[in-house]
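Let's take a friendly walk through a protein chain, beginning with a sheet and ending with a pair of helices. Keep the structure in view as you read.

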Amino acid sequence: MIGKVLRGTRVEGLLYYLYGPGRANEHVNPHIVAGWRHPVELEPALRADGGRDFRNLIGLLNQPLAALGGDGYDEPVWHCVARAARDDRILDDDEWAQVAYEIMNRTGLAASGDDDAVRWVAVRHADDHIHIVATLARQDGTKPKTWNDFYRVREACQAVERHYGLKVTAPGDRTAARRPTRSETEQARRRRWAEVPRIALRRHVTTAAAGAASEEEFFRRLEASGVLVRKRFSQRTPGEVTGYAVALPIQLNRTGEPVWFGGGKLACDLTLPKLRTRWNGGSGAPAGAIDSADRRQVWDHAAEAAAAAAAHIRRVVATDPNAAADIAGATSDLLHVASSVLKDRRLRSAADAFDRAAREPYARIGGTTPAGIALRRAARKLASAGTTRSGSTIAAGAMVANIVALMNAVAQLRAVQGRLAQAVAARSAVQCLSRTAASGVAAVSLLAAADFPRTGVPLDSAPVPGKSGRSAARPEPSAGRRPRL
């Protein structure tokens, strides 16, 4: 079960929408299943024309806000959507009511036995989800706390999963990247962009960071990729860069200015301090220019580094998983650079899918290992080598096949570590490549299996060709710490 928290300003507009026909999905038989009072007391009455009279419910929900006055939140309407998985059984109204009570109790907005809590209702207008609407003002005239409410919602969803035997989802560990908002998605659809700018920018930033060994090189690579870059400077120390933001030239706001995204708005590991920690992790000096005669060696070196990293994971996964701490992140670096250099959409999809598998919980930076350092050095050399040329295609294919084997090893590592979301992300990335037809990079990867003895890679590391088409697998959503029933 997934819970998503939103904030708004007008409770009446949200209620009108929940009882209306719906925009994205059809709303069927909207009704209240739970609330701070009995649902029968709160259900909007039917008018003679068949419509609903919301005046009483709106007034009741807004009363605590009026009593709180100007000391409340700027966005005082708390909105939570709780949705069951597609293959879960259909819950009845009483079960959905228990879901709502569990969420409100764990967030502390309406804890069990608290008669002065916020006022709220849970509306159901579809089989698979409910909407919880609350006004953020307690009935005793004080302001409720909403700190970490998303993670408390996640805890409630996991408790519900165990109680009702629903599909188990991953715990929340703050490794998920920021998802595009609905307005961003709709804008991309209207303007017929290939993808949402936030996603494209995250890929550009991740690839530039992987190919760079320093802050200066990082910004140069970003600008060379066509991304607009704006540095943030310290107010205390003139000239000191404390952060950055990026934008795409095609995305402009109403005043014609670029829409900027800070690194932390793209992913938790893309802030400038996190990137500086990565560059200072002992991976060496930046790679120089690569001659065409040396490109084959670059691909071979990357293939060997991937094979060595996979072997290292297999050695330590059962006894000391932390000994492979930074290999997952370094794998992501190599995969992003390879997809950028080869210009292959399957590799790009795999890199995007693998993204979450690379992150440590709660934005921690793990310790370095020789295998991880070797992977990051290989990624930078690969970025400097540029696109593949005649005579290096087989070497490029061998490297891709070795990366697939490495991703499988990372999936095993994450599973042993008990990190479900990261394990699912790694397996999804493998499927992006193994389910494609034997053409392009996939075919080259398989053909290169015959050349594996030259690079010391076992024959069973080659990816298995599958049915043509994109992977249907999706990373599991984030969740919270293990709850108590």
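Two strands count as paired if DSSP finds at least two bridges between them. With that in mind, look at this predicted model: five strands form an open sheet in the order β1-β5-β7-β6-β2, with antiparallel pairing. At the edges stand β1 (2-8) and β2 (31-35), and each has a single partner strand, so one side of each is left without a neighbour in the sheet. On average, neighbouring strands here are turned by 25° against each other, direction ignored.

In general, the strands of a sheet pair through backbone hydrogen bonds, either parallel or antiparallel.

Now follow β7. The table lists its two pairings.

| Pair | Sense | Bridges |
|---|---|---|
| β5 (residues 77-83) and β7 (residues 129-135) | antiparallel | seven bridges |
| β6 and β7 | antiparallel | five bridges |

Is β7 mostly covered or mostly open? It is mostly covered, with seven of its seven residues buried. On one side you can find His129, His131, Val133 and Thr135, and on the other Ile130, Ile132 and Ala134, all of them buried. Across the whole chain of 485 residues, buried residues make up 52%.

**A helix pair elsewhere in the chain**

Further along, the axes of α12 (residues 327-342) and α14 (residues 370-385) come within 8 Å and cross at roughly 15°. Angles under 35 degrees count as roughly parallel, and α12 and α14 are therefore roughly parallel to each other. Their crossing is left-handed. Residues that meet here include Leu334, Val337 and Val341 in α12, and Leu375, Arg376 and Leu382 in α14. By class, this contact has 12 nonpolar, three polar and two charged residues.

**The whole chain**

Stepping back, the chain comes to 18 helices and 10 strands. Among contacts between residues at least 6 apart in sequence, 73% join residues at least 24 apart.

Notes: Residues numbered from 1 in each chain as written. Predicted model: local features only at pLDDT ≥ 70, side-chain atom pairs only at ≥ 80, totals over all residues. Heavy atoms only, no water. Helix = DSSP H or I, 4+ residues; strand = E, 2+ residues; numbered from the N terminus. Axes fitted to C-alpha atoms, helices over the stretch in contact; angles between N-to-C directions. Parallel < 35°, antiparallel > 145°, perpendicular 65-115°, else oblique. Left-handed = near helix turned anticlockwise from the far one by under 90°. Contact = heavy atoms within 4.5 Å. Nonpolar A, V, L, I, M, F, W, Y, C, P; charged D, E, K, R; others polar. Buried < 20%, exposed > 50% of the residue type's maximum accessible area, 1.4 Å probe, protein only.
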